[in-house]
Amino acid sequence: MSPPSVSPASVDASVLVPVLNEAESIAETVRAMTAQRFDGSIEFLFADGGSADDTVAQLTELGRADPRIRVFDNPLGGTASGLNVCLREARGEFVARMDAHTYYREDYVALGVERLRRGGTSWVAGPQVPEGRGRVSLAVTAALRTPFGRGASKKWGSGDGAAGAEYDLDTGVFGGVWRRADVLASGGWDEGWPRNQDSEMASRFLRAGERIVCVPAMGARYLPRDSLKGLWRQYEDYGSYRAKTALRHPTSLRRSALLPPLLVLDAALALLAPSRRLRRAARAGLGVYAVGLGACAKAEGPEVVAVIVTMHAAHGVGFLRGLRRWGVPRAALVHAAGGPLPVGAAGPYDGPVDAPSLGA
């Protein structure tokens, strides 16, 4: 059966996909994405960030067979810039973000568009459902089923396929579906955020009084990192840009996000504190943490504990490095501690959004 043709005037939804060096899996990814069941016209936009393999060649060939596929250059190479390139070229009233290492339900776009049309929200997302395949990624999947691994974030799904009632999200989001006009009005994805760009944009939506709704039936299967080294890099980057987001958006910082950096500081004090009394107190704190890890090891196994420690330590180191790089988000720390925000700190962010790729 031939794919439907698409004309500029008839596009209802555009799927935005930044890619980089995806040759090994891009054909499978595209097959899964283009299987979307949507009552309307849909296009799939890929922005390549300078792949050194034949990702572009494969996408170009796939586009010859399916006119809904369009391929663009992403000269700046980042995820946020790739999303903005796609947003700039999108022709649909609705846009959906999809990632090359995630598998989406065939009705993902349809469910998101239907919920937007019902009103009451300008951002609809589904839970992120980790699905490990290798030894480490399976341990990450198990870790993200525990309170230790997922923290206070509500974006993680169980993968049990239950529909459930929708609920509101904070800045812990995983992609989503929007009206294109709303994303443009917000300024697009800020290209100063190579990581956590969805969380930063979510902060702008929330500070403007918008709701972000999670629809459990839109759960998407995410493939976690399959090495501790890769997991460390991922969580260190997340921690660093979480600190930057807190500086710009003070209300975005959860108390649970402070536990990893406090754990890292506690470990440093346990070793290097100038007084024996302070070292003992710090070691007592580590003892409490170790008890929690022991219970987790009994329930999930030692590999899961290694993953959790990696996630916490990397996120904590990254957050502290973020403080050193961008400054201390004092208003965010006061807010997380339950104190009052300075006047104006909780209002809509109206500063500059760095999105040069939108106008390139």
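**Cores, strands and ring pairs in a predicted model**

Student: Which residues have the most contacts inside the largest nonpolar core?

Tutor: The largest nonpolar core has 49 residues, where such a core is a set of buried Ala, Val, Leu, Ile, Met, Phe, Trp, Tyr and Cys residues joined through side-chain atoms within 4.5 Å, and buried means under 20% relative accessible area, exposed over 50% and partly exposed in between, with a 1.4 Å probe and protein chains only. This is a predicted model, in which local features need pLDDT of at least 70 and side-chain atom pairs count only at pLDDT 80 or more, while totals for chains, interfaces and linings use all residues. Residues are numbered from 1 along each chain as its sequence is written, and side-chain values use heavy atoms, with hydrogens and water left out. The residues with the most contacts inside this core are Phe 46, Met 98, Val 109 and Val 307.

Student: Which helix gives the largest share of this core?

Tutor: Helices (H or I, at least four residues) and strands (E, at least two) are DSSP runs, numbered from the N terminus. The largest share of the core, six residues, comes from residues 302-326, which form helix H12.

Student: How many residues are in the second, separate core?

Tutor: Among the members of this second core are Leu 45, Phe 72, Val 95 and Trp 123. Phe 72 is also in contact (heavy atoms within 4.5 Å) with Phe 46. The size of the second core is 23 residues.

Student: What is the bridge partner of Asp 48 in S3?

Tutor: Strand S2 (residues 42-48) and strand S3 (residues 69-73) run parallel and are joined by five bridges, and two strands pair if DSSP finds at least two bridges between them. With helix H2 (residues 55-65), S2 and S3 make a right-handed β-α-β unit; right-handed here means that, with the strands pointing away from the viewer, the path from the first strand over the helix to the second runs clockwise. In S3, Asp 48 has as its bridge partner Asp 73.

Student: Why is one side of S5 and of S7 left without a neighbour in the sheet?

Tutor: The open sheet of three strands has mixed pairing and the order S5-S11-S7. S5 and strand S11 (residues 220-222) run antiparallel and are joined by two bridges, with Thr 102 bridged to Tyr 222. One side of S5 (102-103) and of S7 (128-130) lacks a neighbour because both stand at the edges, each with a single partner strand.

Student: What is the angle between the planes of Trp 123 and Trp 178?

Tutor: Rings of Phe, Tyr and Trp (its six-membered ring) pair if their centres lie within 6.5 Å, and planes under 30 degrees apart count as stacked, over 60 as edge-to-face and the rest as tilted. Trp 123 in strand S6 (residues 123-125) and Trp 178 in strand S9 (residues 176-179) are 55 residues apart, and both are buried. Their pair is edge-to-face, with 5.0 Å centre to centre and, between the planes, 65 degrees.

Student: Is Trp 326 buried or partly exposed?

Tutor: Trp 326 in helix H12 forms a pair with Tyr 241 in helix H9 (residues 228-248), 85 residues apart, and this pair is tilted, 5.0 Å centre to centre with 55 degrees between the planes. Tyr 241 is buried, with a relative accessible area of 9%. At a relative accessible area of 22%, Trp 326 is partly exposed.

Notes: Lists of a residue's contacts leave out its neighbours within four places in sequence.
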